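Please take a first tour of the structure shown below.

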Amino acid sequence: MTTPPNPIVQIDDFEFAALNEAKNYRAALLRNFGKFLRGNVLEVGAGIGQMTSELLKMPEIQHLTSIEPNEGFCTHLHARLPGHDLVQGTISDLPSGTDWNAILSINVLEHIEDDAGELAAYRRLLRPARGALCLFVPARPEIYAPIDRAFGHFRRYTRPELRNRLENAGFRLLRIRYYNLAGYFLWWLNFRCLKKRSFDAAAVRLFDRAIFPVIHGFESRICPPPIGQSLMVIAVAECAEGPRKV
């Protein structure tokens with residue numbers, strides 16, 4: 001059984017209204033993961049359904065199941081998407097019997113103290129169908145800030161650290177790269193240096209509409225960044241039983 005997620009702030013304080021402005025950001029993530037999101041897909045950490053509602057529009061996804069441990073978030077998601085297949089709990093509460101073609105985990109792993117156990121659980125679920133893990137996590141421990149702690153983040157990852165965890169869990173990596181170089185410096189300035197404790201909706205909207213499309217276009221088409229605010233991973237569960245030693 002994996003470790004329960006680190007408790008996070010209450011729904012009214014979690015900045016969902018501001019983060020809802022990051023429409024281009026969410027769309028870009030789904031484009032990056034899109035070809036692997038098909039068949040039976042498990043969304044880990046659905047929050048209040050901002051990504052869930054977009055996933056439900058994807059024609060290649062035959063069935064979407066979401067897991068969310070926070071009762072308040074689940075209540076909100078049920079009201080927003082009535083009838084959606086939602087499990088309140090963690091990965092260990094998921095009913096057995098489904099061969100998963102993909103697991104989507106966006107900004108979840110950093111909330112779990114036993115992240116190695118969580119990744120091993122993902123692999124067990126994906127291995128029967130040789131499914132894909134689409135993983136997105138905060139990056140670079142040097143910009144870990146008070147807002148990370150307030151959100152219940154145990155850590156921010158480096159690329160070598162995350163690669164080792166995934167390979168030890170039995171995954172074969174197809175892609176692992178830093179994401180959003182501009183966001184790295186903005187996070188460092190606003191939350192590490194200035195120690196801000198909240199997002200500004202207008203600033204998020206400006207970044208999402210005017211800055212992110214340009215930066216993301218350069219990073220995805222011309223040159224991946226050497227560091228970034230986040231790490232994006234696509235990995236498949238194709239290894240033999242037992243962890244790989246690295």
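Leu189 sits in helix α8, residues 181-193. Helices here are DSSP runs of H or I with at least four residues, numbered from the N terminus. Leu189 is partly exposed, at 39% relative accessible area. The cut-offs are under 20% for buried and over 50% for exposed, with partly exposed in between (1.4 Å probe, protein chains only).

The model is predicted: local features need pLDDT of at least 70, side-chain atom pairs count only at pLDDT 80 or more, and totals for chains, interfaces and linings use all residues. Residues are numbered from 1 along each chain as its sequence is written, and side-chain values use heavy atoms, with hydrogens and water left out.

Leu181 is partly exposed, at 28%. Beyond neighbours within four places in sequence, Leu181 is in contact (heavy atoms within 4.5 Å) with Glu219, Pro225, Ile227 and Gly228.

Now the helix pair. Helices α2 (residues 23-33) and α9 (residues 201-221) pack at about 25°, with axes 9 Å apart. Axes are lines fitted to C-alpha atoms over the stretch in contact, and angles run from 0 to 180 degrees between N-to-C directions. The two helices are therefore roughly parallel, a term for angles under 35 degrees. The contact includes Tyr25 and Ala28 of α2 and Phe212 and Pro213 of α9.

How many salt bridges does the structure hold? There are eleven. Each puts a side-chain nitrogen of Lys or Arg within 4 Å of a carboxyl oxygen of Asp or Glu. Three of them follow.

| Pair | N to O distance |
|---|---|
| Arg209 and Glu21 | 3.3 Å |
| Lys57 and Glu54 | 3.5 Å |
| Arg165 and Glu161 | 3.1 Å |

Arg209 lies in α9 and Glu21 in the loop between α1 (16-19) and α2, so this pair ties together parts 188 residues apart in sequence. Glu21 is buried at 17%, while Arg209 is partly exposed at 38%.

Arg165 and Glu161 are four residues apart in helix α7 (residues 159-169), about one helical turn. Arg165 also contacts Asp115. Asp115 lies in helix α5 (residues 115-126) and counts as buried, at 5%.

Technical notes:
Parallel < 35°, antiparallel > 145°, perpendicular 65-115°, else oblique.
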